[in-house]
Number of protein chains: 2
Amino acid sequence: MSTLTIALDIMGGDHGPPVILDATLKAIRTHSDCQFILCGNQDIISPAIAQLNDAERQRVSVSHCEQVVDMGEPPTSALRNKKQSSMRRILDLVDSGEASACVSAGNTGALLTLAYYQLKTLAGVDRPALVSAMPTASNHKVFLLDLGANVNCTSEILFQYGVMGSVLAQQVEGIESPRVALLNVGEEDIKGNPQVKHADQMFKNAPGINYIGYVEGDQIFTDKADVVVTDGFTGNVALKSSEGLAKLVVHEVRRQSQRNIFTRILGKIALPLLKSIYNRMNPDQYNGASLIGLRGTVIKSHGNASSDAFYYAINQAIQEAQMQVPDKIRTKIETVLLEQL
Amino acid sequence: MSTLTIALDIMGGDHGPPVILDATLKAIRTHSDCQFILCGNQDIISPAIAQLNDAERQRVSVSHCEQVVDMGEPPTSALRNKKQSSMRRILDLVDSGEASACVSAGNTGALLTLAYYQLKTLAGVDRPALVSAMPTASNHKVFLLDLGANVNCTSEILFQYGVMGSVLAQQVEGIESPRVALLNVGEEDIKGNPQVKHADQMFKNAPGINYIGYVEGDQIFTDKADVVVTDGFTGNVALKSSEGLAKLVVHEVRRQSQRNIFTRILGKIALPLLKSIYNRMNPDQYNGASLIGLRGTVIKSHGNASSDAFYYAINQAIQEAQMQVPDKIRTKIETVLLEQL
């Protein structure tokens, strides 16, 4: 396998460059077979990479960027006014082929918009999707998409998402024939809105996809499916409301353990157990989200990402680039479309 | 306050009449100021009410029904073929004024459809909504609607839901000026689909509503709003996915506590704490859902409801009937619509 080059947006994220650089140095040291292009303010980046040894430094280059996309900046402003930003640069590097994948913890809306305009979608894909792996009961993962790239999805887009998600589950999790399901408000065929009902028919007629039908919101986490498809509005709400509930559980455990000395001791003892559970329950925080359907690999790390989370997102970018996920999606989409003719 | 009469569907629910009757007897004994009409098979009901004393029995009548709406029956079939069912009967009793409110733990889709056709919506209300109170971090409640009555909502319907939810929060929780929010994929004004954006404008122009703008999925549980409005598709997914996550947490705690003898003891000690948290986290199971916007009070208890849950749903029906929620919604809708002229 040839050497991979990963472009990193050093300036994005709520906690600023120090956290991102910390993860970046760790990734450089771990992945001795990868090259890294660090995009951002060189005055911030240079002191950090001075900590690397000579061999490590040879695999690193810095691409100085004058601008930063702000966390609250409207996507259209980022598109028009931030051509010299670190976020734009990582996408340019993937577009030109200088990098195989890129990672940012910056403004999600801006990243989606810049990536869509800069990298374009693969042939046969109308819109990209944001996808993340969520935990399930049997310690497996389920890929949920779209998490907010498109709030209005036609049945064709939902169908494409299913094909794309299936490829991702296959390549990243090694599942031979991933079970694909459509998120709906009931399992019966009569339920759902017209887009969902029509997408259901499209999946049923697509022989290359292991389509298992509808699942409801509570079944996202039961290991019934490997891929759950929905529009970006519903997917975003499903992700965030379950994230919100996970936070509430932790809050409630803390509150209830304050009741008396006994519960306080109990709370202290139970804390590591709860923390490990919370980490699994809060995937948005600990997993990167992949932006798929584009002509390149783009990983969005959570804005509030810790150093560990950003490091994990870099690993994810390397894995998807190694598996050539965009190429595999293109091939699968072509095959499925041909089969339908 | 005049005597209230509550009509109960004894035949609905996954666990059958025994669980429902158990809760019913408890409610009859507790609410000595209420009359109850028990609808269903009299051969099943009679032995149960024989346990009541004379004074209690005087407040109870039985309405024998030949039919039962099955849990999996399509709503159209229930509408056409189940005119003599217990579910239809409770709605008939509310429609005729013989009962002030009704409760069923039966087939949700059938109940929604029968109630919509039998009771009709209030003037100014296009569609009824299913609403339930969810827990929030500060031990308060938030009313989330719609939970699945309408999968396609126009901005007008979303606006009406906000007005209706506001009245419910005011009457049931005693909140003087309930904070109403629209569920969206971001807090910024530019985000969301066209229906949500237009509804946002409608709320901003409605002086009688304490509208606080957009909230995201994770903010449902943070006590930011008293009422969160969304379409039935998204609301159903938000409810069920957070319910699914709550189940996963409990599953994960059980699994992790099996690791060794220490965690096993810990798990046993922590169980009551976790159970009380789970009960709060799983509102769908422990709260009834109100079907609002109709010319009568209809409470949907969870199909899988325990005796406690059905008892709680009866209390909820009594409270909403006492507060005359449908009348208050009608008045509020009229006022808001007049203000907009």
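1. Buried here means under 20% relative accessible area, exposed means over 50%, and partly exposed is what lies in between (1.4 Å probe, protein chains only). You'll find A:Glu73 in the chain A loop between β3 (60-64) and α4 (75-81); helices (H or I, at least four residues) and strands (E, at least two) are DSSP runs, numbered from the N terminus.

2. Before going on, some housekeeping. This is a predicted model, in which local features need pLDDT of at least 70 and side-chain atom pairs count only at pLDDT 80 or more, while totals for chains, interfaces and linings use all residues. Residues are numbered from 1 along each chain as its sequence is written, chains are lettered from A in the order in which they are written, and side-chain values use heavy atoms, with hydrogens and water left out.

3. Back to A:Glu73 and its partners. Its side chain makes a polar contact with the side chain of A:Ser77 at 2.7 Å and reaches the backbone nitrogen of A:Asp70 at 2.9 Å. (A polar contact is a pair of N or O atoms within 3.5 Å; within protein, one must be able to donate a hydrogen and the other to accept it, and residues adjacent in sequence count only if both atoms are side-chain atoms.) Beyond its neighbours within four places in sequence, A:Glu73 is in contact (heavy atoms within 4.5 Å) with A:Val68, A:Ala78, A:Lys82 and A:Asn107.

4. Now the place where the chains meet. Helix α9 (residues 232-257) of chain A packs against α9 of chain B at about 40 degrees, axes 8 Å apart. Axes are lines fitted to C-alpha atoms, for helices over the stretch in contact, and angles run from 0 to 180 degrees between N-to-C directions. Residues meeting here include A:Phe233 and A:Leu245 from α9(A), and B:Phe233 and B:Leu245 from α9(B).

5. A cis peptide bond joins A:Leu145 and A:Asp146, omega about 0 degrees. B:Asp223 has a positive phi of about 60 degrees although it is not a glycine, and B:Asp223 counts as buried at 14% relative accessibility.
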